[in-house]
Structure formats: C-alpha cells, structure tokens
Amino acid sequence: MLSDLPHEYAPEPAPRDHPRRRFHRGKHSPRGVVWFGLRSFWGHLRHFVAAAIATEDVDSRDWMTPDTPAELGARIARRLGAEDWRGDLVSSLGRDVWIDFIADTGDDVSVSSAIAQMLFRSYSLPDPDSPGARLQAPRGDILLFGGDTAYPVATVEEINNRVVVPFNRALERLGDGRDRVLLGIPGNHDWYDGLDGFARMFRRRAESEGEERQRPSVVSIDPLQIERYADWAKEFVRGGQRHKQKRLDLDGYFPVQSASYFTLQLAPRLALLAGDRQLKQVDFRQRRFFSEWLGGHPEVVPIVALPDPYRRFREVSVTGAATVEAMGLDLHTKPHLVLSGDVHHYERWNEGETTHVIAGGGGAFLHPAPLARKGLEPAAVEWPGPRQCLSLLWSVPWKVAQGRSGFIPHLVYASLYAPVFWDDDGELGLHQKLGAMGVFVLVFLVYALIGGIRRRRHVAVSVAAAVAALLTTLSPIGALELSHFFARHWGLPLDPWWFHALAFGLALVLGAYVFGFYLAFLTRIGLETTQAFTALDHPGYKHFVRMRVRAHENRVDVWCIGLEDALAPAERPVLVDAFSFCPKGPPPSPAE
C-alpha cells in the first residue's frame, strides 16, 4: 500500500511501453464516471447548455478583477513565510520554490485516494546536477490544478466527493502543519458548471470571511443522483436556490487568486502565466492583461499553464493554438515551458526552444498515445506508449456490448430496432425493410459526425461510417434470421414473447458491439482519438509533475511521478520523466 511507503521514497524509472493487461478498478462510491451512462448524460446536457450560453457571449469572467502580478506574488510570499515582496517569489523566500502540477482530477474516488497518497509526500529524485546522485524533493509550496477539477461536471458535490474528501483524508496522514498555496485554472468540465464549483475551491476568500479556516471536509455529500435532480427541479419551480457548501478547502492549502487567470513572477527571469479560454476563447480583458504584461517584460521566459495543449495527439489543437495566440505568446522564436492537461496521458516533446508537457493523469480515465503514427516524429517521452495503448484498445467493443460503459447506446438502438421487430411473423415485411433503411441513414449520419467528417478526410470517414452503419442495420435482421433458423431447426414456435425478447436483446448486444468496434477502429487508424478510450474508462497511468524553480538561476527542474496501476496492492510510484528547462541566456546575478 502507498501508505506504507518510507519517507522520501526513491521511485524507480517507469517501464517503457510494455503491455500490461491486468488493472484494478475502484469499488467505492463514487466510482469512475461511465461515459455512456445516465450520470454522464447529465454532464453532456450541462455541456450543451453551457456551450449555448457561451455562444451568446455570456461570460462569467466579466465579474473578475485579476490581481496584478505584484499583488498575487506578495500574497503568496506572505502565505509561504516571506517577510516582504522583492519582485519575485524565489527572491522573496530566499530559496528554491517547489510547485506540484496536477490536471484532470476527480473521477473514481479510490483512484483519487491513491493519487493523493502519491502527491502529498516527499521523494528522493535524481539530481540533475550530479549524475548518479539524488536530492530531496519536498511537497510543493504551490499546488497548481490544470483544469477539469471533477467529472462529469465540476459541481460543488462532485469536487467535494471526488477530490476534496479523498485528498483531505490523505492530508490527515501526510500533513506537516505548513501553510501552502492553492492555484488553479478551469477546464471545460469546470465551465459546464459556470465556474461555481471552481470558484468555491480556488477563488480567494472575501475579507468578510477572514482567515479563519473551517474544518476541511472528509465526509462525502452523497445523495442519490435522482435526488439532486429532483431538488434542483423543485427549487427551480419555486424560484428558490439549492444550498451548497460555500467553500471547498484542502487542509493546509490556501486559495489566493481573484480570477481564473493570472501571472506570477517566480524568479527574476521566469514567470508563470495561466490562461482560461472558457468554452470558446480567451476574452478581451485577458488578452489585454497578458499582452500588456509581456510587452513590459520582454526579458522574462514564460512557464505557461493552458487548459488544453497546443497539440493534441501531435496535431495542432484549434483551441490550444488560439489560446496561445490570444495570450500573445510566440512559441517559435522564444523559449517557453508549456504545461497542460485535458488529454489524459503524459507526453513531452520539443519544438524549437519550447518544451511542451501534457500531464493529464490526475485521476480521469486514460487517453491513448497516437496509434496511427505514420509521419509522426517520436516524442521525447510518452506514457503509456503505443504498444500498451493498442493492447487495451481491442477490449473496447466487448466492454461497450456488455453495457459496462453505460446503456445509452443500447437504449438508442432499442428505439431504432423496434420497427424491425414489430409484428414479426417470421418474414421481413415492407415496414421492417423501410425501418432498416431509416436506421442505416440515421446511424450513418451519427457515425460520420463521430468520425469528424466536418473537419477532414471525408472519404475515409464516409467509408468507415457506411460500413459500420450497414453492420449496425444488419444487427437486428441478423438476430431475427439467426433466431428463426434455430427455431425452425429445433421445431420451436416463433410467436412466444420470450423468443422475440431474446432476439431483440441479441440485436442490442450486436449493435453495441459494432458501435464499440467502430470507435476502436477510428482510434486505430487515427480518424478519432478519444471516444474509444473514453468508453473504456481505464483507471491506469496516473501521474503528477513536481517542479523546482531554482533560486538565482534561470532554470526549472521537472520530474513526473506516476502510478501504472493506481489500485494494485503492491504498486509503487515510478519516475516517468525527468528533465530541466534551461532557456538560453546568461543567468541573473544574485543582486538582481
């Protein structure tokens, strides 16, 4: 167990891309979100509503007044024990500053507990200055969340149950009484809730609340999901409000930010820039905030935290690239260290002098490495690698067919297949053939949209969607024909209700299997990269990043620490990656 680890545990290097098939899943509530289940359907609905609101240019960032970098820096320095603000954090503290970065948290509570046990401890890590030597890497002075705090929607209840409670339970055992700082940027799942849950966790407390801390929560808020919806509907009709926790506190961590974006001067020539694109784009206030600051500090090398990466699966992300441009960052001619989550695996690569790190392994289901690798330059590090991801991919169809990814596909196919089974007398009638044609057309359109026909590769997507739609359409016909064949062979009557029910159930399983296979096939050939592993909701390969900002040096040392199977009884943290970000140029003198 992780609780038995010695102080300053020295993790071994992570095995590189070896297939491992057996993984453990959580057994305690709340369990991991089943992405085609009814609980996640509420998340999809919230996504739709939030996107519609964003389209109408209603922006919750309008109430925000961001701190100046000096105000935020001074507030953080005081919290960490500095007597005064000297222009940057390492100078104010007179020592190195440690930062922990974690993103895409708050899914299965058992996995969250294991991650907390890994996150809130010191490690003995390779010393980048002395090959073969090790150094003490304490828990970060700052804990930075990189977006998507909880799933499927980062509401107060979900953040409390899936993040705050398991993290606080770990802090009860691993806490050391020191004050630390909590920072965060929102991802799309935070915005589905309009930043309500996010603000209760990360926004600094009003002066009226004072500095007195409430006892950090270690108890879940766990009414049945249907009770939450009923309570919401009742208050909506009455014109009332649902009562929620005012604050979501992590034991020993203090929120300090006034907005969902900020700039923090870490060292004389290093600054942390954290942006927020909402669900659409970076707003004009934020554009001005970053452009004015960067224009006045051309000598500073940015460490950038983004809600989604500049590249997703090695292809330029429309939203990530737009965020970089809106923030006024030039990744091609100036060195940057870019940190992001949103994609749930670890990857590091270099483009020019800029280092990109995706570290979205804070608790949510696994996303794969790119599997269609023709023409792709290998990344410096990726975890898990393509061989491991490929070994997991082909378990998707059967998992979907069994309903272990949720029953929404089965319910959809039940409504589509009903005309084919209606008034079945052993022969396919006209209405059944027309119903099958309608199923083909509708399913083809949906599959084509899933495959991304609006974006690219129209021929490949159309062919794949047509074949999958045909197989989906033939599933009920095949189930009927197969059942009729065995009934005639064994001399059974065709009219008992249970006979039709068995055939109908077989059709649903076949249709769901085809759907799962289609998702896996899209991922395998690179037409679509997330849906298959979203359905798989795999609990493995969790990680976080620990960084050391050097005092009096223009340098950041970075280590990624992970758990391959977070819930295996004998699992131990492993060292996924270690590197140093050393932008060119002479280091500042201590006097600076």
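Predicted model: local features only at pLDDT ≥ 70, side-chain atom pairs only at ≥ 80, totals over all residues.
Tyr541 is buried, with a relative accessible area of 2%, where buried stands for under 20% relative accessible area, exposed for over 50% and partly exposed for values in between (1.4 Å probe, protein chains only). This residue sits in the loop between helix H17 (531-536) and strand E17 (542-549), the helices (H or I, at least four residues) and strands (E, at least two) being DSSP runs numbered from the N terminus.

Residues are numbered from 1 along each chain as its sequence is written, and side-chain values use heavy atoms, with hydrogens and water left out.

A positive phi is also found at Asp17, about 55 degrees, although this residue is not a glycine. Asp17 belongs to the loop between E1 and H1, and it is buried as well, its relative accessible area being 18%.

The loop between strand E1 (12-13) and helix H1 (38-55) also holds Pro30, and the peptide bond that leads from Ser29 to Pro30 is cis. A cis peptide bond likewise joins Trp383 to Pro384, with Pro384 placed in the loop between strand E16 (381-383) and helix H11 (386-393).

| Peptide bond | Form | Omega |
|---|---|---|
| Ser29 to Pro30 | cis | near 0 degrees |
| Trp383 to Pro384 | cis | near 0 degrees |
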